[in-house]
Structures are given as structure tokens and as C-alpha cells.
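Me: I am new to this structure and would like to go through its charged pairs and one of its ligand sites step by step. Could you take my questions in turn?

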Amino acid sequence: MPSPWISRRGKWFWILTVSTVVVIAIALGVGLGIGGTFWKPAVGETWQIVLLTPLDNTTTNASVYDVDLFTNPISTFQNLQSMGRKVICYFSAGSYEPNRPDSNNFTAADKGHGVDGWPGEFWLNTSSPNVRDIMTQRLKLAAQKGCDGVDPDNVDAYNNNGGGFGLTSTDAIDYLSFLAIGAHSLGMAVGLKNAGEIVNQTLPMMQWQVNEQCVQYGECATFQPFIKANKPVFHIEYPQSSGEMKFTAAQLCGVGDTSLDGFSTVLKSMDLGDPVTECSNS
Ligand SMILES: *[C@@H]1O[C@H](CO)[C@@H](O)[C@H](O)[C@H]1NC(C)=O
Ligand SMILES: *[C@@H]1O[C@H](CO)[C@@H](O)[C@H](O)[C@H]1NC(C)=O
Ligand SMILES: *[C@@H]1O[C@H](CO)[C@@H](O)[C@H](O)[C@H]1NC(C)=O
Ligand SMILES: *[C@@H]1O[C@H](CO)[C@@H](O)[C@H](O)[C@H]1NC(C)=O
Ligand SMILES: *[C@@H]1O[C@H](CO)[C@@H](O)[C@H](O)[C@H]1NC(C)=O
């Protein structure tokens, strides 16, 4: 029997109240990316990464392709997906690159120190609302083009003199949260690029790690938390680079080295063109 307090408010009061709560909960859930469905790869994927040019060779037997968001047409992504492959779309999230379609949207104040080794490229103030608006547009472009996930690069300004803005690892974690919420709410996965110092803080929101040169720097073990969480470590070594010539291919592939257990390792030239050697022990 309903209590007088409830019955005084009547049926419609309760129907409207309950409906409002449900609608708010769903809206919050969507806003936070909860319940959004996106790709969650497991350890053991094979992969290919080509950033030098638009992809023109889809015959490499890899389950995942990491390719440039801007320079590849949608047809390339659809072609890969029709072969059962997943597409990760690369863009720089933490540096300004000239000659991108939206490069003119960055302001002078958004740009900090130059990026070592990449003339014309500058670290970005990743706290700037304008920078974040541009990255939101990039995520939307990735979703429109049908990317399964995104590979936002240059998120470790804290390792590069703060990019000229005093950016810290705490700022990087905040920025990655922003990128992850954005990607997930658009139905896309996202990975952490390098940034070993913040592996543990970002692991819950990241679907993989893209790693360069952990063998060269002796830090592959740092990325094992991803493997333990059954999330891939997409790992690249550059055998022809001066820092890696002293290693054999077997060492770069992690043969007999447990710190690379579970990694998806490829050997590439530093320009990330098409040629690839897939390590067979991943
Ligand atoms: C395409 O990739 C495959 C596998 O990696 C390689 O064997 C082949 O030589 C490449 N083709 C061209 C035209 O580069
Ligand atoms: C491609 O890779 C998969 C998984 O590693 C393997 O099962 C398959 O035999 C390979 N296909 C070819 C044509 O090498
Ligand atoms: C640049 O910013 C303007 C204004 O926000 C926006 O309309 C435009 O789409 C952006 N350009 C690109 C190429 O993203
Ligand atoms: C970076 O951007 C934030 C947000 O606009 C601003 O508060 C901060 O002062 C900027 N940092 C520098 C060093 O300009
Ligand atoms: C991440 O957590 C693991 C397990 O607690 C710990 O061994 C490792 O040192 C941590 N990594 C970093 C970079 O703090």
C-alpha cells in the first residue's frame, strides 16, 4: 500500500522524476565515454606502421595498420577493414606540424620550443583551449574517416623541457584524459605513445602502447603493465639508426628477453616508410 507521502505526489511526479534521472545518467555516461563501444585489442596483434607516405601496400600480413590520419583517403581505410584489419590513425597531438590542413588554426602563442630533429615542428601548449579545439576536430575527422583508433603522438613534452611551457607529467596525464574521453565518445580506441613515466596513470584509459626504441634505451620492462592488462605493446626498433647498430636483429626483436614478452615488435627504418620486418616471437 503506497504511503500518503508518495501518493500525494501522484503517478506522474514519479514517472517524470525517474525518467529525468535516467536521461541524466545516460547523458553523463555518454559524455564520459562510459558504455561507448570501441575496439579493445588484445596482446598478440601483428602490426605495420607507415607514416612517410600515404599507404600504398596493403599486402603486409598484419592485423593492425597505423597510418597517417590526413594523407590517406577513406578508401584506404575501408580497403584495410574489408580485409579484416584494424586501422589506427596517426596524428601529432602535442606538436605543430606545418602543411597539415588545419595548421593555420594554431596561434603563435600555442607554439613553444622547436621539436629536436624536425625543422618547422614546434611543441604545443596542450593546455590551450584553442589547441584542444583543434584536436577535437582531428578526432572528429578520424571518426568520420572510420578509424578504429587513434595514435596521438608527442604527448611527452615533460621529457622535452616542458615544450617551452613548463608542461609536466601531470599536464600530460590531463591531456591524455581529454584525448581518451574524446576518442571513446566517438567510438574510437586510443593508445599511449612512449611516455613510460606515466604508464600506470594512463593505463586504465588506454587500449595500447606504441613504443619506439625501448630496447635501445633498455626500458622495455616499463611497458609490461600493458601486457599484464592484456593490451598490446606495438613496438618499433630502428636497426639502421646509429643508436641501434650495436644490436642484432634478434636482440631488437627481444629473442630470449622476457622484458619484451607479449610485445608486437617490428623493425623499420626511421622514416617509417613501407618496408617492415615483423619479429616472429610476438
Ligand atoms: C609490400 O609488402 C610486402 C610485405 O611486407 C613486401 O613483401 C612487398 O615487397 C611490398 N611491395 C612493394 C611494392 O613494396
Ligand atoms: C598471416 O598472419 C596470421 C596470424 O599471424 C597467420 O595465421 C597467417 O597464416 C598469415 N598469413 C599468411 C598468408 O602468411
Ligand atoms: C579551423 O578553424 C575553423 C574555426 O574554428 C574551423 O571552422 C575549421 O574547420 C578549421 N579548419 C580545419 C581545416 O580544421
Ligand atoms: C598555456 O595555456 C594555458 C591555457 O590557456 C595558459 O593558462 C598558460 O599560461 C599557457 N602557458 C604558457 C607558458 O603560455
Ligand atoms: C608501474 O607499476 C608497477 C607495478 O606496481 C611498478 O613496478 C612500476 O615501477 C610502475 N611504473 C612506473 C613508471 O612508475
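The questions and answers below concern a predicted model.

Me: How many salt bridges does a search of the whole structure find?
Reply: Side chains of opposite charge can pair when their charged atoms come close. Among the salt bridges here is the one in which the side chains of Asp-68 and Arg-100 meet at 2.9 Å, N to O. When the whole structure is searched, the number found is six.

Me: How many residues apart in sequence are the parts that Asp-68 and Arg-100 tie together?
Reply: Asp-68 and Arg-100 are both buried, and they also belong to a network of salt bridges with Glu-97. Asp-68 lies in strand 2, whereas Arg-100 lies in the loop between strand 4 and strand 5, so the separation in sequence of the parts they tie together is 32 residues.

Me: Does Asp-102, at 13% relative accessibility, count as buried or exposed?
Reply: The side chain of Asp-102 meets that of Arg-138 in a salt bridge (2.9 Å, N to O). A residue is called buried under 20% relative accessible area. Because the value for Asp-102 is 13%, this residue counts as buried.

Me: In which strand does Lys-193 lie?
Reply: The side chain of Lys-193 meets that of Asp-153 in a salt bridge (2.9 Å, N to O), and both residues are buried. Asp-153 belongs to strand 7, so the pair ties together parts that are 40 residues apart in sequence, with Lys-193 lying in strand 8.

Me: Which residue has a polar side-chain atom 2.4 Å from an oxygen atom of ligand 5?
Reply: Ligand 5 is surrounded by Gly-196, Glu-197 and Asn-200. Of these, the residue whose polar side-chain atom lies 2.4 Å from an oxygen atom of the ligand is Asn-200.

Methods: Residues are numbered from 1 along each chain as its sequence is written. Chains are lettered from A and ligands numbered from 1 in the order in which they are written. This is a predicted model: local features need pLDDT of at least 70, side-chain atom pairs count only at pLDDT 80 or more; totals for chains, interfaces and linings use all residues. Side-chain values use heavy atoms; hydrogens and water are left out. A residue is near a molecule or strand if one of its heavy atoms lies within 4 Å of it. A polar contact is a pair of N or O atoms within 3.5 Å; within protein, one must be able to donate a hydrogen and the other to accept it, and residues adjacent in sequence count only if both atoms are side-chain atoms. A salt bridge is a side-chain nitrogen of Lys or Arg within 4 Å of a carboxyl oxygen of Asp or Glu. Helices (H or I, at least four residues) and strands (E, at least two) are DSSP runs, numbered from the N terminus. Buried means under 20% relative accessible area, exposed over 50%, partly exposed in between (1.4 Å probe, protein chains only).
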